[in-house]
Amino acid sequence: MFNILLRRLVQAALTICVVVTLVFVLFSVIPGSFASSLQADKRDVSAEVLQRLEQELGLNDPMPVRFGRYVAGLAQGDLGTSYATKRPVADMLSGRIWASFKLACAAMAFAVCIGLPLGFFAAMRQGSWLDTATMTIAVSGLSVPAFWAGLLLMYLFSLTLGWLPTFGYGAGGMSHLILPAITLGIAPMALLARTTRAAVLETLGAEFIRTARSKGMSEQRLVIHHLARNAFVLVLTTIGLQFGSMLGGSVVVEKLFAWPGVGSLLIDSVGNRDIPAVQGTVLVIVLFFLLINTLVDLAYLIVDPRIRYR
Amino acid sequence: MTQTPFLLLSRRRMLTALLATTAAATVGLPPHTVRAQVVPPRAGGKLRMVAPFGSALQSLDPHATYESQDMAVSKAFHRSLYNWDSAQNTTVLELATQVTPSEDGKTFTYKLRDDVYFHNGRKMVAEDVIWSYSRILAPGSSLSAISNLMHIAGSKAYMDGGADHVEGLTLIDDLTFSVTFDGFIDPGFLLFESVTAILPKEAVEGPDFLSRPVGCGPFVFVEHVEGSRISGKKFDRYFKPGKPYADEIEYTITDDYSALDMAFRAGELDATVLSENAYVMYSQDPVLSQGLIEVAEMFTRHMGMNLEVKPFDDIRVRQAINYAVDRDIIIKKLLKNKAFKAVGWLPTPSSGFDATRAPYAYDPAKAKALLAEAGLADGFAFEAWVTDATSSLGVLQAMTPFLAAVGITVTPKVMEAGVLVEAINKGQAPAWFRSNGTGPDPIAALQSFDSRRPRSTNRGGFKDPAFDAMLDAAVATLDPTARLALIRKADGYIFEQAPVWFHNYNKAVVATQPWVHGVDANVTEAAIIEVDAVWLDDAAPAR
């Protein structure tokens with residue numbers, strides 16, 4: 001386990017170096033700048049202001065100088081100051097990380113609670129109406145765009161029934177979390193249902209299952225000790241990948257529900273060419289992804305002890 | 001030079017008239033409708049408003065941001081020397097009780113109200129005004145508000161570090177100060193937006209001003225959930241007696257118009273701005289249509305042309321484009337009548353608007369004739385650089401068949417707004433679509449065609465000494481009537497020269513709930529609502 005952690009740590013450091021460099025270089029060469037983004041609105045900011053801004057932010061310095069400055073700050077744990085808000089990027093991220101994490105956890109909980117049992121029972125009753133219904137739900141869930149599903153949920157639960165608030169973060173309570181979480185969780189739920197079904201079906205056809213059955217093992221024991229643990233390796237991979245991508249990939253849901261997450265900050269910062277904010281946000285997303293991947297790797301060891309010996 | 005007393009008095013009177021009569025001189029007041037207030041305002045409740053132009057605020061420092069989004073929110077927390085009075089369609093004194101112009105028309109002496117307090121409990125004094133303006137102009141400052149204050153005498157020297165104070169700002173006593181400009185300027189136009197808000201030095205220099213703003217507006221900041229909402233509570237020492245009416249205010253920060261529509265219909269918002277599609281639906285709804293406030297905003301949508309690029313350097317080609325396209329059908333079908341046809345650069349609510357001017361008619365035959373005169377009988381092709389917005393790519397696509405009918409082939413090149421504006425400023429874009437702020441100062445709006453201005457202002461590169469002279473004459477004229485006549489003449493000249501394809505003036509529509517009263521129709525930006533005057537009746541769910 002120690003070796004796995006060490007290997008993951010080295011990989012994470014390398015990944016972060018590559019991502020930081022790539023984002024910086026890309027944002028330095030693509031057209032547009034923070035100054036030009038200020039003029040994208042209808043009101044014109046004077047040339048004098050733009051000139052001073054570029055000077056203040058050091059935007060006219062050569063790219064290697066700017067990159068060196070950024071890396072030097074990063075090495076001291078300083079994510080820099082946002083061009084747009086003039087606030088430390090770390091401060092901007094701190095509030096949003098929690099909101100995004102909460103949303104991702106709630107969405108994943110929804111996906112796991114619904115998708116896993118659905119896929120499992122569909123596989124156990126292959127060819128039945130439950131199987132057909134589950135697969136129909138799965139395909140629909142993967143096909144419906146998140147913004148459309150969100151609007152439908154808003155229409156039903158807010159406008160028609162009046163049970164839940166339409167959007168916003170509120171005081172951070174559950175009522176504001178439910179609709180965005182379901183919207184974000186629909187696609188992973190559908191994918192999980194499909195993956196679980198496929199994994200269980202594959203495991204059901206394995207020789208060790210037939211052997212266990214022929215030895216007279218009870219169905220309950222068979223499912224718990226053999227079927228679930230073996231099928232769960234593949235399911236775990238799907239959960240990890242989906243969960244990891246939720247932090248940065250929930251931008252549509254965040255925008256629709258006015259949810260103060262990391263994804264919408266990233267999109268806004270890209271639009272503003274606010275490089276420090278983009279770098280900080282990407283860094284957080286990458287770190288989150290790496291952390292989830294590492295946790296999934298560790299979970300493999302618990303679920304399938306054979307992996308320890310490979 | 002010695003001037004006779006008669007002349008001095010006359011100039012002062014003229015200047016006073018100029019300051020006070022933007023509305024009176026206005027030809028076309030905004031065609032808006034506001035629900036009549038039939039009962040006295042009621043205090044209490046929570047206003048649930050929206051900041052509808054983005055999913056985040058740029059900055060809580062009002063001096064640093066020129067975003068409409070941020071300025072809408074600033075209305076709750078900050079106040080400036082002047083304010084926009086939607087009922088009069090002009091600027092009015094806000095933090096001062098009196099302004100006295102000097103004989104030469106360049107210095108204005110203000111007497112401040114003596115009942116203005118900041119949210120930190122300190123009384124506002126003249127030194128706060130001087131400090132706020134000096135902060136904006138400080139050496140090394142890059143605050144957006146510099147654009148507004150650059151005409152104060154001595155600002156350049158101070159900004160460049162060549163002076164230890166701004167020469168044009170003079171403290172007289174605790175409640176009196178003067179501002180001297182380097183020309184004949186209506187200070188109201190420059191000093192009414194929240195970007196020039198008066199701030200307390202000790203709060204701005206404190207550790208958390210950028211996350212906990214302090215101003216002297218009607219509401220005290222409570223909380224900002226970045227990317228979601230910002231809220232405030234009633235400021236008990238607000239200088240307007242009885243105001244604000246509401247106890248609390250909350251802005252939801254989002255630009256998702258579908259979600260805003262749902263929330264408004266669900267009764268979770270008291271007011272919201274509408275998209276084109278929502279406008280159609282709300283207009284046809286017997287209940288929702290009752291609360292619509294239509295505002296002819298001071299923004300002119302147009303297709304800009306790079307006049308240094310052939311064939312746009314030829315006036316006949318530019319006029320041909322203006323004659324070739326049927327604007328009415330684009331406004332009706334594509335923009336769902338949520339726009340007013342442009343008849344010049346200055347929009348309907350501008351004091352410089354000329355209501356007698358006829359728009360370019362839809363006349364393809366005339367367009368073809370003009371092209372033939374220009375040696376382009378077989379037409380020509382050009383590329384228009386656009387964003388993916390309806391008002392940009394959408395309008396271009398609607399124009400395309402009309403242009404094709406006269407032999408002009410246009411190809412869209414789609415890009416991000418920031419990239420587009422950079423390309424325009426560098427003179428790289430042959431043609432583009434844009435909405436320009438064209439008010440309330442008509443002279444500032446017309447400077448978009450001043451040949452001495454940089455490309456970031458004069459985007460098409462229009463160069464015409466005759467126009468520059470007209471503009472200079474207007475700037476140098478104090479008599480309001482004569483000044484307006486010169487402004488209209490200059491606007492008419494631009495209309496003839498057609499440096500842009502004149503499309504429309506935006507019609508903003510604010511939807512209000514039946515329980516909401518006092519929402520103003522702000523032509524400078526409809527979403528910037530004067531929240532201290534808004535009140536909720538007993539039917540409001542948030543009372």
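**Figure 1. Pairing of strands β6 and β7 in chain B.** The model shown here and in the following views is a predicted one. Strand β7 covers residues 176–180 of chain B, and four bridges join β6(B) to β7(B). The two strands run antiparallel.

**Figure 2. The open sheet that contains β6 and β7 of chain B.** Four strands of chain B make up this open sheet, in the order β4-β5-β7-β6, and their pairing is antiparallel. The edge positions are held by β4 (96–101) and β6 (169–173) of chain B; each has a single partner strand, so one side of each is left without a neighbour in the sheet. From one strand to the next, the twist averages 20°. Strands of a sheet pair through backbone hydrogen bonds, either parallel or antiparallel.

Figure 3. Helix α4 of chain B, residues 126–137, lies across β5 (107–112), β6 and β7 of chain B. Relative to β6(B), α4(B) runs at about 170°.

**Figure 4. The mixed sheet of chain B.** A further view shows four strands of chain B that form an open sheet in the order β1-β10-β9-β8, with mixed pairing. Strands β1 and β8 of chain B stand at the edges with a single partner strand each, so one side of each is left without a neighbour in the sheet. On average, and with direction ignored, neighbouring strands of this sheet are turned by 20° against each other. Between β8(B) and β9(B), which run antiparallel, there are six bridges. In one of the residue pairs, F221(B) has G232(B) in β9(B) as its bridge partner.

**Figure 5. Helix α3 of chain B and its cover.** Helix α3 of chain B spans residues 68–77 and is mostly covered, with 10 of its 10 residues buried. Among these buried residues are M71(B), A72(B), V73(B) and F77(B), together with D70(B) and K75(B). The cover over the buried residues of α3(B) includes β1 (46–51), β8 (219–225), β9 (229–234) and β10 (248–253) of chain B.

**Figure 6. Surroundings of A324 in the largest nonpolar core.** The largest nonpolar core has 245 residues, of which A324(B) and V510(B) touch the most other members. Helix α5 of chain A, residues 89–124, gives the most to this core, with 15 residues. When neighbours within four places in sequence are left aside, A324(B) is in contact with P364(B), A367(B), F402(B), L403(B), V406(B) and I408(B).

**Figure 7. The contact between chain A and chain B.** This contact takes 48 residues from chain A and 47 residues from chain B. On the side of chain B that touches chain A, at least two residues each come from α5 (146–149), β10, α9 (257–265), α15 (417–425) and β16 (431–437) of chain B. The residues of that side of chain B divide into 17 nonpolar, 22 polar and eight charged.

**Figure 8. Chain A, an arrangement of helices.** Chain A has 13 helices and zero strands. Its C-alpha atoms fill a box of roughly 85 × 55 × 30 Å along the principal axes. Of the 310 residues in chain A, 41% are buried. Among contacts in chain A with a separation of 6 or more, 73% are between residues 24 or more positions apart.

How values were computed:
Residues are numbered from 1 along each chain as its sequence is written. Chains are lettered from A and ligands numbered from 1 in the order in which they are written. This is a predicted model: local features need pLDDT of at least 70, side-chain atom pairs count only at pLDDT 80 or more; totals for chains, interfaces and linings use all residues. A residue is buried if 20 or more other C-beta atoms lie within 10 Å of its own, exposed if 12 or fewer, and partly exposed in between; C-beta atoms are placed from the backbone. Two residues are in contact if their C-beta atoms, placed from the backbone, lie within 7 Å. Ala, Val, Leu, Ile, Met, Phe, Trp, Tyr, Cys and Pro count as nonpolar, Asp, Glu, Lys and Arg as charged, and the others, Gly among them, as polar. A nonpolar core is a set of buried Ala, Val, Leu, Ile, Met, Phe, Trp, Tyr and Cys residues joined through C-beta atoms within 7 Å. Two strands pair if DSSP finds at least two bridges between them. Axes are lines fitted to C-alpha atoms, for helices over the stretch in contact, and angles run from 0 to 180 degrees between N-to-C directions.
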